[in-house]
Amino acid sequence: LILWFIPWVPRLLIGSVTVKQWTKKKGLTHAVVGPGEPNWVDRKQISKNVFNAIVVAEDSRFYQHHGLDFLEIEKSIELNRKKKRYVRGASTISQQVVKMAFLSREKTIIRKSREAAGTLLLEAIMSKEEILEWYVNLAEFGDGIYGIKAAAEKYFGTKPSLLTIEQAAHLGLVIPSPNSWSAGLRRRELTPFGERRFAKIVLNMRRQGYITQQQWIRALATGNFGRPLVSYEA
């Protein structure tokens, strides 16, 4: 029972995993992801802009917590109780790696408990950098677009190592609802919601010291695919 309950995350240290992926056209499919696979990109070959944008967009306290962010969990519980419905989650990047690699998407107490147990084990055996590497190789960036290699090629015609601050922010903003939030990327024109999320991501990148004041201003001036954000123009 214990062996079933705790996802066997040490598998991520020794090889590839077979994961479930969903697309509108094909439905449920399976893919093999891991070092040495064609769709895998080593973290040394991924622009630091990608990691920085993902962290501020998805898990701003990633480097402070140990897998479970109890501060964010408390905020989510309070907001969901106030709204009387589920409007905000509190999954960390580490939790999402465990879910994407080993678990289903179902929202049940048992699945969340298994996810939490696996996350604590994951943080005990892997570095933050290794966890981020798995995350960007597993994450969905749009319908049928899984992994940073496919996303860089599809949206920008480039390699993960060459992604700019603006491009990384674009990829960060589509998470955690890649199917609906990637509309601006597909059209190469940000929606009003996309502009607000882009602006928030680059602002937090500046506040956390990932980019300079000058880089932040440039991102606002060119973030809408070479055009300034409406908020910047104002």
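Predicted model: local features only at pLDDT ≥ 70, side-chain atom pairs only at ≥ 80, totals over all residues.
Trainee: How confident is the predictor in the protein, and which elements have the lowest and the highest mean pLDDT?

Mentor: The mean pLDDT of the protein is 89, and 89% of its residues reach 70 or more. Among the elements, helix α4 (residues 70–83) has the lowest mean, 61, and helix α7 (residues 128–138) has the highest, 98.

Trainee: Why are α3 and α12 called roughly perpendicular?

Mentor: Helix α3 (residues 48–58) and helix α12 (residues 192–207) pack at an angle of about 110°, with their axes 9 Å apart. Angles of 65 to 115 degrees count as roughly perpendicular, so the term applies to α3 and α12.

Trainee: What makes the contact between these two helices?

Mentor: From α3 come N49, N52, A53, V56, A57 and E58; from α12 come R197, I201, N204 and M205. By class, the residues of this contact are five nonpolar, three polar and two charged.

Trainee: What makes the pair of α12 and α13 roughly antiparallel?

Mentor: The axes of α12 and helix α13 (residues 213–222) cross at roughly 175° and come within 9 Å. An angle over 145 degrees counts as roughly antiparallel, and α12 is therefore roughly antiparallel to α13.

Trainee: Which residues meet there, and how do they divide by class?

Mentor: F198, A199, V202, L203 and R206 in α12 meet Q213, W216, A219 and L220 in α13. The residues of this contact comprise seven nonpolar, one polar and one charged.

Trainee: What is known of the second largest pocket, and which element supplies the largest share of its lining?

Mentor: The second largest pocket has a volume of about 220 Å³. Its largest share of lining, three residues, comes from β2. At least two lining residues each are supplied by β1 (17–23), β2 (27–33) and α8 (148–156). Among the lining residues are Q21, T29, H30, N39, Y146 and K149. The lining divides into three nonpolar, six polar and three charged residues.

Trainee: Which peptide bond is cis, and where is its proline?

Mentor: The bond from I175 to P176 is cis, with omega near 15°. P176 is in the loop between α9 (165–173) and α10 (178–181).

Trainee: What makes R188 stand out in its backbone, and where does R188 lie?

Mentor: Phi of R188 is near 60°, a positive value in a residue other than glycine. Most residues other than glycine have a negative phi. R188 lies in the loop between α11 (183–187) and α12.

How values were computed
Residues numbered from 1 in each chain as written. Heavy atoms only, no water. pLDDT = per-residue confidence, 0-100. Helix = DSSP H or I, 4+ residues; strand = E, 2+ residues; numbered from the N terminus. Axes fitted to C-alpha atoms, helices over the stretch in contact; angles between N-to-C directions. Parallel < 35°, antiparallel > 145°, perpendicular 65-115°, else oblique. Contact = heavy atoms within 4.5 Å. Nonpolar A, V, L, I, M, F, W, Y, C, P; charged D, E, K, R; others polar. 1 Å grid on protein atoms, 1.4 Å probe; cavity = no way out; pocket = protein on both sides within 12 Å on 5 of 7 lines; lining within 4 Å. Points joined across faces, edges and corners; volume = space filled by probe spheres on them.
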